[in-house]
Amino acid sequence: MNLINLAILIPTFNEAKNVQLLLREISTIAGLHCQVNFNVYVIDDSSPDGTAAVAQALSEELACPNFSTSVINRVKKEGLGKAYIDGFKSMLGLTNPPDYILQMDADLSHSPKYIPEFLAAARRGVDFVVGSRYIPGGSSPDWSWYRKLLSRGGNFYACSILGRRIHDYTGGFNMYSIELIRAMDIESIDYFGYGFLIDLKFRAARLAKKIIEIPIHFTDREFGQSKMPANTIIKNFILVPKIRLKSLFKF
């Protein structure tokens, strides 16, 4: 069985309690998959609660032959999109870049228990793996009916305009082959909030040779506060057709 080098990018801001739980869970998964090198990168926007220090301390405690943690310190809080762009650029600039890059939220809404399914897809040659709430078996069990309605409606709207190769355009639990990341010209993405995820996944869906969606249960955070702005749905309603039009002329 060939060795897989997996990079896991985790943007953080005030996630000290959550990140220590998440890193321990990922290290446990790593212990069960010796043919995978797990390299976790915590991309921290100078969290006042000491998230970066917690992650750095755990990097020493949890280090083992196939599991490592690095902290990428950013000077200020610039949003999810810029954090990911910095992370992707760092991976592309490595002497030995990873084979795959996995995105995960730090708040435990994305359970590490699904990582083996992502890896199984990679071994089948899949270059874009989506953790989806909106295929059979997926769900958001902690959400109110109103929040579910808004989210499902927003995804239906995105699918109608951007295409139906995937069913969850706004979720942040996804894995890309390094070749796919290179092909997407990520530095040209100029939406830096949650719209970044829509644009990124739209590009990936257009360019990927093989896509698989994995059903996930998306659970609400236990510690801390959600960082999603209240006007995200409205912004994305306007953003989606812009992404589609931009693709016709530039991408």
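Helix H4 (residues 115–123) has as its buried residues Ile-115, Phe-118, Leu-119, Ala-121 and Ala-122, where buried means under 20% relative accessible area, exposed over 50%, and partly exposed in between (1.4 Å probe, protein chains only). They lie on the same side of H4, because the arc that they cover around the axis is only 155°; the arc is that of the directions from the helix axis to the C-beta atoms. An α-helix has 3.6 residues a turn, so residues three or four places apart point the same way. The model is predicted: local features need pLDDT of at least 70, side-chain atom pairs count only at pLDDT 80 or more, and totals for chains, interfaces and linings use all residues. Residues are numbered from 1 along each chain as its sequence is written, and side-chain values use heavy atoms, with hydrogens and water left out.

**Overall fold**

- The chain holds eight helices and seven strands; these are DSSP runs numbered from the N terminus, helices being H or I of at least four residues and strands E of at least two.
- For 251 residues, a compact globule would have a radius of gyration near 18 Å, and the 17 Å of the chain agrees with that. The radius is taken over C-alpha atoms, and the globule rule is 2.2 Å times the number of residues to the power 0.38.
- Along the principal axes, the C-alpha atoms of the chain fill a box of roughly 45 × 40 × 35 Å.
- Of the 251 residues, 51% count as buried.
- Contacts (heavy atoms within 4.5 Å) between residues at least 6 apart in sequence join residues at least 24 apart in 83% of cases.

**The sheet**

- An open sheet is formed by seven strands in the order E3-E2-E1-E4-E6-E5-E7, with mixed pairing. Two strands pair if DSSP finds at least two bridges between them.
- Strand E3 (67–73) and strand E7 (211–215) are the edge strands, each pairing on one side only.
- On average, neighbouring strands of this sheet are turned by 20° against each other, direction ignored.
- E1 and E2 pair in the parallel sense over nine bridges, and Leu-6 has Phe-38 in E2 as its bridge partner.
- Strand E2 (residues 36–44) also pairs with E3 in the parallel sense, over seven bridges; Tyr-41 has Ser-70 in E3 as its bridge partner.
- E1 is mostly covered, with eight of its nine residues buried.

**Helices on the sheet**

- Helix H3 (residues 80–92) lies across strand E1 (4–12), E2, E3, E4 and strand E6 (174–177), and runs at about 150° to E1. Axes are lines fitted to C-alpha atoms, for helices over the stretch in contact, and angles run from 0 to 180 degrees between N-to-C directions.
- H4 packs on the sheet as well, touching E1, E2, E4, strand E5 (128–132), E6 and E7, and its direction makes about 135° with that of E1.

- His-110 sits in the loop between strand E4 (100–103) and H4. His-110 is buried, at a relative accessible area of 1%.
- The side chain of His-110 reaches the backbone nitrogen of Asp-105 at 2.9 Å.
- Not counting residues up to four places away in sequence, His-110 touches Leu-22, Met-104, Asp-105, Gly-172, Phe-173, Ile-216 and Phe-218.

**Phe-202 in H7**

- Phe-202 belongs to helix H7 (residues 195–207) and is buried, with a relative accessible area of 3%.
- Beyond four places in sequence, Phe-202 touches Leu-162, Tyr-169, Ile-243, Arg-244 and Ser-247.
- Phe-202 and Arg-244 are 42 residues apart in sequence, and their C-alpha atoms are 8.8 Å apart in space.

**Positive phi values**

- Ser-46, a residue other than glycine, has a positive phi near 55°. Ser-46 lies in the loop between E2 and helix H2 (51–62) and is partly exposed, with a relative accessible area of 40%.
- Asp-185 is not a glycine either, yet has a positive phi of about 50°. The loop between helix H6 (178–183) and H7 contains Asp-185, which counts as partly exposed at 44% relative accessibility.

Key: A polar contact is a pair of N or O atoms within 3.5 Å; within protein, one must be able to donate a hydrogen and the other to accept it, and residues adjacent in sequence count only if both atoms are side-chain atoms.
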